[in-house]
Structures are given as C-alpha cells and as structure tokens.
Amino acid sequence: MNIKAISTLVIGGAGYIGAHLVPQLVQTGRQVTVLGRNIVPRYKLPADATYVAGDFGRHDLICHLLDSHQEVIHLAYATVPNTSFENPLADLLQNLPPTVQLFSEVANRGIKLVLVSSGGTVYGEAVELPIRETHPTRPVSPYGVTKLTLENYAYLYATTHGLRYVAVRPANAYGVGQRPFVGQGFISTGMASVMRGMPIKIFGQHGTVRDYLYVSDLASGIVSALEHGHLSEAYNIGSGVGISNLDVIMAFEPLMYKIGCKVQLENLPERAFDVKVNVLDSTKLQKHAGWQPTVDFKKGLWLTYEWLKTVKNEWS
C-alpha cells in the first residue's frame with residue numbers, strides 16, 4: 001500500500017535557513033513547496049522541491065497554496081534588527097498584516113503551522129541565564145516587538161479559531177551560505193571583513209554575548225519542533241553557550257592567519273537595541289523532541305571559513 005507523502009509549504013524557504021531546512025524536510029519523505037519573493041531562488045534547492053515565486057501577502061496565492069498542503073513553516077520576514085530600528089512602522093506594516101492573514105487561512109483549513117520567531121530578540125535583557133521559554137518577554141528592538149506580537153497573534157488564533165501552531169525561537173544562526181554584509185550574521189561578516197582587509201566593527205568594548213548555532217542544527221531543530229512539538233508551545237533552539245564578539249574573533253583569528261589576513265578591530269558605541277547577553281536553554285525541545293545540536297563551534301567556524309574562501313569573488 002502506498003502512503004501519500006506529507007505536503008509541506010515553506011514560506012521564505014529560498015533564503016539562508018531554508019537552504020538547509022528544505023533538504024532535511026525532503027529527506028523525511030515530505031513533498032516540499034517553497035514560496036519565495038525572487039523569480040529564481042537565491043540558494044540552490046533540492047530537485048525534489050517545488051519552487052513558487054510570489055508574495056505570501058497575496059491572498060489568492062496563499063489560499064491556493066494552503067489548499068494543497070498539510071503543513072506550513074513560516075520563515076519569511078521582511079526586515080532585520082538593524083532596519084527595524086531605523087523604521088519601526090515599516091517593520092510592523094510589512095510583517096504583521098500578511099502573517100495575521102496567514103494565521104486566519106491556516107486555521108480555516110486545520111493544517112499545522114510552525115512559526116519561526118526570534119530567540120535572540122523576544123526576551124530583551126536577560127534576568128537569568130541560560131534563558132528558558134518562561135523568561136519574561138520584554139524586547140528592546142522593533143524587530144523583537146513584532147516577532148513577539150506575531151507569537152501572541154498565533155496564540156490568539158489558536159484560542160479563538162483553533163490554529164494548530166508551534167513557535168520556535170532560534171539562536172543566532174551561522175555557517176555555510178550566510179552572506180556577509182547584509183545587516184546580520186556577525187561571524188560571516190567578521191570573517192569576510194578580515195578577508196577584505198577591513199576592520200571588524202564591534203559595538204562596545206567586547207561586543208555582545210550571543211548563542212551561536214550552526215545552521216544545519218537550527219534546521220534540524222525546526223524539523224523536530226514540526227514533528228514532535230506540542231501545539232501552542234514555544235521552543236528555544238540554541239547551543240546553550242554564550243560567546244562574546246571578541247571571543248568569536250579570537251576563535252577564528254588563526255584561520256585568518258593561514259591565508260595571510262590580519263584582524264583589525266573598530267570599536268563603536270553600544271547600540272540601544274542590542275541586548276548585552278542572550279544565551280538560550282533548549283532543554284524543552286530536547287525533552288519533547290529529542291533534539292540535540294551536532295556541529296560544535298570550532299567545526300562550524302572552519303566550515304564557514306572554507307565556504308567564504310570559495311565564494312569570495314561573489315561578495316568582494
């Protein structure tokens with residue numbers, strides 16, 4: 001007897017995280033459709049995945065796609081923390097209305113949704129470390145406020161319209177495929193700056209402390225939450241280890257020496273929207289889904305370094 005494969009729609013799946021997530025979904029036997037804004041996806045997708053170009057805010061398009069899928073993973077987001085601070089209203093208007101519309105249509109069809117939120121911004125300044133999902137949520141950036149608002153709307157639709165959703169709060173992803181100089185991604189931008197002979201910008205004396213998670217581990221965490229996460233729950237996905245910007249640089253500095261590049265630093269004033277420390281406790285996902293990260297930080301840095309060397313001409 002042939003069992004029909006689960007059909008999964010990944011909104012925003014043609015980006016950096018999606019490039020690692022979609023292959024893992026395909027490997028589970030799912031039929032995967034990726035919705036992206038570009039005519040041609042920026043990242044290579046598996047041959048077995050179907051790509052659709054369009055805006056998920058288009059009501060007719062999203063309804064048509066939802067009608068033929070059983071699961072949705074919502075990765076799309078129009079801004080990054082830097083741009084959200086420069087224009088908070090645009091952050092809200094570009095992200096909130098189309099996502100609330102999505103919640104409504106997903107709820108109407110009774111299909112399952114994974115909402116990719118932000119473990120790095122929804123909590124605000126840490127009052128205890130590592131940060132569990134029960135930690136107070138007091139974001140200090142427009143990006144974090146909107147991400148948390150989306151979580152709250154998802155809960156609202158679960159309570160009032162039966163939305164079947166799970167929220168995930170990822171740590172700072174890094175690794176192969178993360179383009180430098182796009183407003184986020186300290187590790188790739190730091191390495192690429194050194195390769196260009198540019199100083200690495202650090203805000204504050206040592207920079208911020210962040211939880212860095214290799215992108216394939218983040219992808220597997222999303223799959224684990226999709227398959228085993230409890231409905232209407234939020235899950236951190238992180239390494240549980242905090243590393244300062246300065247410590248990151250010291251860790252990859254020997255790799256730079258190998259190619260004759262010298263690290264230069266430029267210390268800038270702290271930014272109001274940067275929390276000082278963010279380290280996530282992922283025990284809940286580990287207990288509910290059995291998820292564990294598999295790529296240690298040293299190996300992840302090496303993989304990132306090797307990839308940046310091969311694509312240097314594309315961004316330099």
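Modeller: Searching the whole structure for disulfides, meaning pairs of cysteine sulfur atoms within 2.5 Å, gives 0. Cys-63 is buried at 12% relative accessible area, where buried means under 20%, exposed over 50% and partly exposed in between (1.4 Å probe, protein chains only). Cys-261 is buried too, with 12% relative accessibility.

Please keep in mind that this is a predicted model: local features need pLDDT of at least 70, side-chain atom pairs count only at pLDDT 80 or more, and totals for chains, interfaces and linings use all residues. Residues are numbered from 1 along each chain as its sequence is written, and side-chain values use heavy atoms, leaving out hydrogens and water.

Now to strand 5, residues 112–116; strands (E, at least two residues) and helices (H or I, at least four) are DSSP runs numbered from the N terminus. Because 5 of its 5 residues are buried, strand 5 is largely enclosed by the rest of the structure. Lys-112, Val-114 and Val-116 are buried on one side, and Leu-113 and Leu-115 on the other, so both faces are covered. In a regular strand, side chains alternate between the two faces of the sheet.

Strand 5 runs parallel to strand 4 (residues 71–74), joined by 4 bridges; pairing requires at least two DSSP bridges. Here Ile-73 has Val-114 as its bridge partner. Strand 5 also pairs in the parallel sense with strand 6 (residues 164–170) over 5 bridges, and there Leu-115 partners Ala-167.
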